[in-house]
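Below are my notes on the model, as numbered points. Please read them with the coordinates open.

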Amino acid sequence: MVTRRRMIGAALATGGGVLLLRTTVRPAASAASAQDTADTADGAGTGARHTHPADTPDPGPDAGPGLVEKFTATLPVPPVLTPTSTEGGADTYAVTMLRSFARILPGHRTEVLTYNGAFPGPVIRARSGRPVIVRQTNLLEDAVSVHLHGSRVPVASDGGPMNLLNPGASRTYTYPNDQPHASLWFHDHAHHMESEHVYRGLAGTYLLTDETERALPLPAGRYDLPIALRDARFDASGTLVYRMDDPFNRTTILANGRPWPKVEVAARRYRLRLLNSSNLRFFSLRLADGGPITQIGSDGGLLERPHTTDSVDLSPGERADVVIDFSRYPVGSTVVLTNAMPPGPAEHVGQVLRFDVVRSADDPSSVPDRLRTLPALPAPVRERTVVLKVEEGTNGAAPRGLIDGKVYDPARVDAAVAFGTSEVWTVVNANTDVPHNFHLHLVQFRVLERNGKAPGPEESGLKDTVRLLPGESVRLQAVFDSYRGRYPYHCHLLDHSAMGMMAQMEIS
Ligand code: C2O
Ligand code: CU
Ligand code: CU
């Protein structure tokens, strides 16, 4: 019997920057085979299967760093989708999910799962008040579900974990865009499979704008770059290696699907829309020279006021909108965007991409002191506590992801919410050595407290995902006044949600 190492989560101690690792030796009966059994047991696996046999030997350490010379590839700008129709007051798109090959590593073609062949997925641009209709066709062998993360949508178009689109089938998702501007993203959400599907490429960007945002003199057009950051693991032939809960081996850092790219910039301001699309990796981003980064937005759009910092933290699924002024750097100079968050060798995971300042440019853009005004929160009617925990499997069982002590059960309602009310949720990470985060569908919430204190300015805006380092707790407030029905909430470390760390609220 083949044995391989299993590791639970990247464990990050906040205090002295100590990295705590929890490792166990487990037999080949991997999480993947256990999950397959679970699929059959709960009937969720119709058409779904894992794309690798559970008993293939571990391919050894990540070969990605050895196959790449850093800062040679150019950061790709993901393609913007063109609507097939703009009639009837809505923009209609057709998207096909299919297997494809991407040139990720030099000299290698890597098989990936894609929306329309693009890795990472394409960009959809939308405007508040104007609906977007996406006709999705699934040409993959697995059932899928397409979720627009951060959106306010009716249940039927939310892309919940059980609302599957089977192989060969098509369906239409309707996004009302009845919400303010925000940098959203869409990704697979098929129960137990979301983690591997997203890892293999099923993730795209959705930029929703509105008049408030458009009226501001922020950098725009080619000076407004969406950048999706993630990690990955490759074997020596350039194949993407997916193993459940494998943060320590994913040491290749990709930006828009390329490893450690360079970004040629003019010596002026740029707006960067950063998304952490990793399954497990947290980033703590800085410029190598410690230079200023002006954060202007978070998950749910612009902050009320910009704030200048030297680091930006992003847990999986979170976004940060930042402005960097490259006029501080002489033309001809370079500056690396670094990551201070383990795990992995700092020479690899500690570097993300490099900005090469190649020309001067006029800069009519600016960052106003006041970006938007957020509505005041109503009085909450109810408080709840949500406890997140991963538990090591005993007797060779797969580890389990738990919310309030339970694995996800699509037939169970975990939180009954009265429509039209506001609630305060205290979310607790009960693991002392594993980080989590917390994502609510349907709403953009406000962070009231982090560990009993007021949150930092980066968490003062609208959020849909919050980080929870080991032992942390966050109080958040949400208003449930848009749609009724059952929506999930979960840890957005997708390997954890695939292990069951997901629950369900019913708004009625
Ligand atoms: Cu980004 Cu339920 O997910
Ligand atoms: Cu979501
Ligand atoms: Cu988690």
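1. Strand β5 (residues 91-102) runs parallel to strand β8 (residues 132-138), and seven bridges connect the two. Strands here are DSSP runs of E with at least two residues, helices are runs of H or I with at least four, and both are numbered from the N terminus; two strands count as paired if DSSP finds at least two bridges between them. Within this part of the model, A94 stands opposite R135 in β8.

2. On provenance: this is a predicted model, in which local features need pLDDT of at least 70 and side-chain atom pairs count only at pLDDT 80 or more, while totals for chains, interfaces and linings use all residues. Residues are numbered from 1 along each chain as its sequence is written, chains are lettered from A and ligands numbered from 1 in the order in which they are written, and side-chain values use heavy atoms, with hydrogens and water left out.

3. The β5 and β8 strands belong to an open, mixed sheet of four strands, ordered β6-β5-β8-β10. Because β6 (110-115) and β10 (170-175) each have a single partner strand, they form the edges, and one side of each has no neighbour in the sheet. Neighbouring strands are turned against each other by 20° on average, direction ignored (axes are lines fitted to C-alpha atoms, for helices over the stretch in contact; angles run from 0 to 180 degrees between N-to-C directions).

4. Overall, the protein has five helices and 35 strands. Of its 508 residues, 58% are buried (under 20% relative accessible area; exposed is over 50%, partly exposed in between; 1.4 Å probe, protein chains only). Among contacts (heavy atoms within 4.5 Å) with a separation of 6 or more, 77% are between residues 24 or more positions apart.

5. What coordinates the copper ion (ligand 3)? The donors are H436 (ND1), C491 (SG) and H496 (ND1), at 2.0 to 2.2 Å, with the spacing H-x54-C-x4-H along the chain. Donors are N, O and S atoms within 2.8 Å of the metal (3.2 Å for Na, K and Ca); water is not among the atoms, so the site may look incomplete. H436 is buried at 0% relative accessible area, and C491 is buried at 0% as well.

6. R319 is in strand β22 (residues 319-325) and is buried, with a relative accessible area of 4%. The R319 side chain makes a polar contact of 3.2 Å with that of H149, and one of the R319 side-chain polar atoms lies 2.7 Å from the backbone oxygen of S183. A polar contact is a pair of N or O atoms within 3.5 Å; within protein, one must be able to donate a hydrogen and the other to accept it, and residues adjacent in sequence count only if both atoms are side-chain atoms.
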